[in-house]
Amino acid sequence: MSRLLIVIPAYNEEKNIVRVVDELNRCCPQYDYVVVNDGSRDKTAALCRAHGYRLIDLPVNLGLAGAFQTGLRYAAENGYDCAMQLDADGQHRPEYIAPMLQELERGADIVIGSRFLAVKKPKTLRMLGSYIISWSIRLTTGRAICDPTSGMRMFNRTMVEEFAQNLNYGPEPDTISYLIKNGAVVKEVQVQMGERLAGHSYLTMVKSVQYMLKMAISILLIQWFRKRDTETPYPERSL
Amino acid sequence: MTDQLLIRICLIVGSLLTAAYVLRRVRHAKVQIEDTVFWLLFCAAMLVLAFFPGIAYWAASLLGFQSPINFVYIVVIFLLLAKLFFLSIRVSQLDSRLRILTEQVALNQEKQEREKMDL
């Protein structure tokens with residue numbers, strides 16, 4: 001079985017982090033995990049230390065892309081075969097890790113934990129952005145990705161190394177569309193997601209509109225011009 | 001209209017070259033995509049003004065400018081000032097992050113040296 005690292009980026013998640021990691025430990029103790037504290041201003045880091053969780057504590061706030069990249073670099077440096085993102089707010093359920101890993105081992109580069117593979121996507125305002133991104137990816141790559149905004153994504157070793165060392169590899173739908181266009185195999189597995197356990201999401205109305213606009217411009221216009229560098233090997237630092 | 005032809009051609013060539021340069025930087029992974037969005041939208045706006053100068057004529061008469069080109073100048077100056085403002089906020093944030101980062105490195109080193117001395 002391949003060695004999987006579960007990356008848990010956490011920003012101001014003191015109310016959820018203990019429940020999420022304990023649930024993960026109870027459900028799947030066979031996988032390694034690491035909490036990446038993204039310069040939280042609350043007690044997230046202190047709680048992780050008190051409970052003895054494996055923790056990378058960033059001294060400044062880098063945002064999700066930076067926090068997740070830290071986790072992937074950790075995976076690359078420590079010889080993991082694959083890595084995945086698990087949100088610290090309790091939306092991602094650990095029982096779906098095993099089926100996603102199975103799908104990855106069947107030869108996918110990226111596996112997305114998708115809410116809408118077998119379930120119909122609701123036609124609500126909240127899902128409008130998801131529809132727009134799905135449609136943009138469909139238009140530019142010809143592939144249907146049912147849940148492009150799902151944060152529950154699993155990457156194989158090649159992808160881990162590529163994400164760990166490059167610019168413009170945020171864990172976002174535009175990177176997915178770019179990778180599909182460049183020949184990566186992206187698969188989806190049906191999962192269920194819960195509501196966030198406590199606290200507020202940082203996604204306000206204005207921010208989500210901004211996000212959608214950025215993603216749409218990026219997927220429809222900018223990704224065409226990128227060149228994928230598959231030559232440069234990952235620099236080994238830990239040997 | 002014909003006397004504005006040269007400036008329209010300049011606008012078109014200038015914005016196309018700028019867009020090409022920005023996209024080249026993206027291609028070689030020298031810039032983050034979110035930082036290019038402003039410049040690409042800026043180029044698009046200039047292109048629209050160059051292809052449809054009627055917009056500038058209409059807005060100039062609406063706001064009481066003597067010449068439509070003045071309207072174009074005002075728009076460009078305003079956009080650049082706004083960009084400058086956000087850039088200076090960003091530099092200030094970078095500055096404080098760098099400070100915290102340096103402090104953290106120094107504190108970690110002090111801790112390491114102290115542990116070594118205790119051994």
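In which helix of chain A does A:Gln69 lie? A:Gln69 belongs to helix H3 (residues 63–77) of chain A, where helices (H or I, at least four residues) and strands (E, at least two) are DSSP runs numbered from the N terminus. The model described here is predicted: local features need pLDDT of at least 70, side-chain atom pairs count only at pLDDT 80 or more, and totals for chains, interfaces and linings use all residues. Residues are numbered from 1 along each chain as its sequence is written, and chains are lettered from A and ligands numbered from 1 in the order in which they are written.

A:Gln69 is buried, with 22 other C-beta atoms within 10 Å. A residue is termed buried if 20 or more other C-beta atoms lie within 10 Å of its own, exposed if 12 or fewer, and partly exposed in between, with C-beta atoms placed from the backbone. Leaving aside neighbours within four places in sequence, A:Gln69 is in contact with A:Phe163 and A:Ala164; contact requires that the C-beta atoms of two residues, placed from the backbone, lie within 7 Å. A:Leu221 is 152 residues away from A:Gln69 in sequence, and the C-alpha atoms of the two are 24 Å apart in space.

The contacts of A:Gln69 form part of the packing of H3(A) on H6(A), in which A:Gln69, A:Leu72, A:Arg73, A:Ala75 and A:Ala76 of H3(A) meet A:Val160, A:Glu161, A:Phe163 and A:Ala164 of H6(A). By class, this contact has 6 nonpolar, 1 polar and 2 charged residues. Here Ala, Val, Leu, Ile, Met, Phe, Trp, Tyr, Cys and Pro count as nonpolar, Asp, Glu, Lys and Arg as charged, and the others, Gly among them, as polar. The axes of H3(A) and H6(A) are 8 Å apart, and the helices pack at an angle of about 125°. Axes are lines fitted to C-alpha atoms, for helices over the stretch in contact, and angles run from 0 to 180 degrees between N-to-C directions. The two helices are therefore oblique to each other, given that angles under 35 degrees count as roughly parallel, over 145 as roughly antiparallel, 65 to 115 as roughly perpendicular and the rest as oblique.

A:Val111 stands opposite A:Met154, and A:Ile112 stands opposite A:Arg153. E5(A) and E7(A) run parallel and are joined by 5 bridges, with A:Val186 as the bridge partner of A:Ile110. In E5(A), 5 of the 5 residues are buried, so the strand is largely enclosed by the rest of the structure. Both of its faces are covered, with A:Ile110, A:Ile112 and A:Ser114 on one side and A:Val111 and A:Gly113 on the other.

In the loop between strand E1 (4–10) and helix H1 (17–27) of chain A lies A:Asn12, which has a positive phi of about 50° although it is not a glycine. A:Asn12 counts as buried, with 20 C-beta neighbours inside 10 Å. In chain B, the loop between H1 and H2 holds B:Ala29, a residue other than glycine with a positive phi near 55°. B:Ala29 is partly exposed, with 16 other C-beta atoms within 10 Å.

The axes of H1(B) and H2(B) come within 9 Å and cross at roughly 160°, which makes H1(B) roughly antiparallel to H2(B).

Between the chains, 13 residues of chain B are in contact with 12 residues of chain A. Helix H1 (5–27), helix H2 (33–51) and helix H4 (68–118) of chain B each supply at least two residues of the side that touches chain A.

Note on methods
Pairing = 2+ DSSP bridges.
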